[in-house]
Amino acid sequence: MEPYNPRRLLLGRTVVIQKASIALVVGLSYVAITPAQAREDALGQLANTHRWFELRDTANARTSPLVRGALAAAFNDPPTAERLLRGVIRDEPRSESAADAYALLAYLYLRTGQYERFATLYQAWAAAFPQSATVREERENFEKYRGRPNQLNGRRRRSVVRHDAGGYPTLPISIDGKADDFIFDTGALQSAVTERMARKLGMTIQDDPRTLIDISGTRTAFRTAVAKKVTLGSMTFRDVSFAVIAPGGALADAEIGIIGLPIIVAMGGINWSNSGTAEFGGPFPSSSGEPNLVFDRSRLALRAEVLGKSVLAAVDTGANSTDLNGNFADLFPDVVATGKKGSADLNGVGGTQTIPSVELPELIFTIGSRRVPLRPVVVTMQRNSVAGGECCVANAGYDLLKRGQGFLLDLASMTLQLR
């Protein structure tokens with residue numbers, strides 16, 4: 001799903017334009033702003049600049065329902081998010097707060113595989129705001145996901161499975177009784193298979209050609225297949241939708257499957273050991289640290305420290321390498337100016353884009369208490385939203401996570417720990 005670009009996040013308040021007083025000195029008018037309104041505006045700025053952790057520290061019980069609902073969605077508390085955001089829509093059905101609540105719910109439903117609920121929500125959103133530019137932009141996503149069922153998740157059960165210790169992070173999965181290894185991909189908003197893999201597993205491919213935008217920015221054709229039953233360890237999922245990638249490009253003859261966010265969120269995360277085991281579905285070791293993960297619209301993002309500054313990086317276990325983007329160049333122009341200029345290829349399922357780039361000899365990411373050096377590191381001068389360009393300074397790949405003994409991705413506490 002291509003992230004929307006909201007005008008602003010209004011904060012569940014009714015905006016009252018008071019009668020302007022005319023200043024006798026120069027004839028200027030002003031609008032009185034109460035301290036409460038000023039504070040809510042400040043909260044909105046934090047949300048719109050993706051400063052979710054500051055917003056979380058600032059909000060309290062008196063904060064507007066929209067902001068509290070946005071925070072619940074961002075920090076993976078769907079029941080609270082839905083209750084608060086539905087309340088905003090019910091109480092202020094034609095307000096801009098309601099428009100923002102619709103958008104936040106749309107992303108919540110998509111990353112959890114609730115496609116029927118998304119389609120119903122979109123239709124209500126479009127009826128309430130028929131002239132909205134954002135609604136028009138999201139029409140493409142409605143067409144992309146309509147007709148899919150809601151994914152049904154069985155009870156979480158503790159599972160420990162073996163995985164290949166080399167290459168991409170993969171997990172053994174069974175689709176309607178046929179097994180294979182699929183890539184565990186936190187950068188994928190939907191689960192996917194290549195057409196060759198779908199046919200190998202006997203999946204029924206619907207005749208419903210649609211398009212998506214891959215990490216290179218290339219439009220790629222896909223169709224849909226719905227698995228009646230997916231088994232992963234001791235956990236079972238039903239009515240699981242997969243995007244079936246049309247043959248072409250680098251994946252023309254590939255047998256590849258991807259476990260995307262709808263399944264990963266239902267798993268609750270993963271405790272990954274580089275020695276060859278993965279645990280999920282049960283309680284993870286308790287974390288003593290504060291959350292450092294957040295859902296920013298369609299992306300799972302990590303708070304890290306780079307060059308003395310706190311930044312967000314999209315977490316993409318399906319990418320082999322970490323790529324910095326134009327946001328990093330804006331934040332650290334002096335550092336980028338010292339790099340070696342060149343070009344880099346962004347490879348997606350649909351094609352490759354060659355982008356101007358700068359290579360830096362080393363960059364250190366601090367995640368929690370762990371310092372992770374990357375040598376070298378490439379800064380591509382792009383802001384592709386699929387690669388985290390809307391919210392983040394980097395698309396953090398598997399190379400950032402596989403150092404040491406492994407990592408723990410816990411979506412209950414919203415923490416990522418490197419071991």
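**Entry 1: a charge over a ring**

I started with Arg 56, which lies over the face of Phe 75 at 5.3 Å from the ring centre. For this I asked that NZ of Lys or CZ of Arg be within 6 Å of the ring centre and within 35 degrees of the ring normal. I also found Arg 148 over the face of Tyr 115, at 5.0 Å from the ring centre.

A note on what I am looking at: this is a predicted model, where local features need pLDDT of at least 70 and side-chain atom pairs count only at pLDDT 80 or more, while totals for chains, interfaces and linings use all residues. Residues are numbered from 1 along each chain as its sequence is written, and side-chain values use heavy atoms, with hydrogens and water left out.

**Entry 2: aromatic pairs**

Next I looked up ring pairs: rings of Phe, Tyr and Trp (its six-membered ring) pair if their centres lie within 6.5 Å, with planes under 30 degrees apart counted as stacked, over 60 as edge-to-face and the rest as tilted. By this rule I have 10 aromatic pairs. Phe 53 and Phe 75 are edge-to-face because their ring centres are 5.5 Å apart and their planes stand at 75°. This pair links distant parts of the chain, 22 residues apart: Phe 53 sits in helix H2 (residues 52-58), and Phe 75 in the loop between helix H3 (65-74) and helix H4 (78-91). I take helices (H or I, at least four residues) and strands (E, at least two) as DSSP runs, numbered from the N terminus.

My cut-offs: buried is under 20% relative accessible area, exposed over 50%, partly exposed in between (1.4 Å probe, protein chains only).

I then turned to Tyr 122 and Trp 125, an edge-to-face pair with 6.1 Å from centre to centre and 75° between the planes. They are three residues apart in helix H6 (residues 115-128), so about one helical turn separates them. Tyr 122 is buried at 3% relative accessibility, and Trp 125 is buried at 2%.

I looked up Leu 360, found in strand S19 (residues 352-360). Leu 360 counts as buried, at 3% relative accessibility. Leu 360 and Thr 338 are 22 residues apart in sequence, and their C-alpha atoms are 7.7 Å apart in space. Leaving out residues up to four places away in sequence, the contacts of Leu 360 include Phe 328, Val 335, Gly 339 and Pro 376; contact means heavy atoms within 4.5 Å.

Ile 173 was my other stop, in strand S5 (residues 170-175). Ile 173 is buried as well, with a relative accessible area of 3%. From Ile 173 to Ile 259 I count 86 residues in sequence and 9.0 Å in space, C-alpha to C-alpha. Among the residues Ile 173 touches, with residues up to four places away in sequence not counted, are Lys 178, Phe 182, Val 230 and Ile 259.
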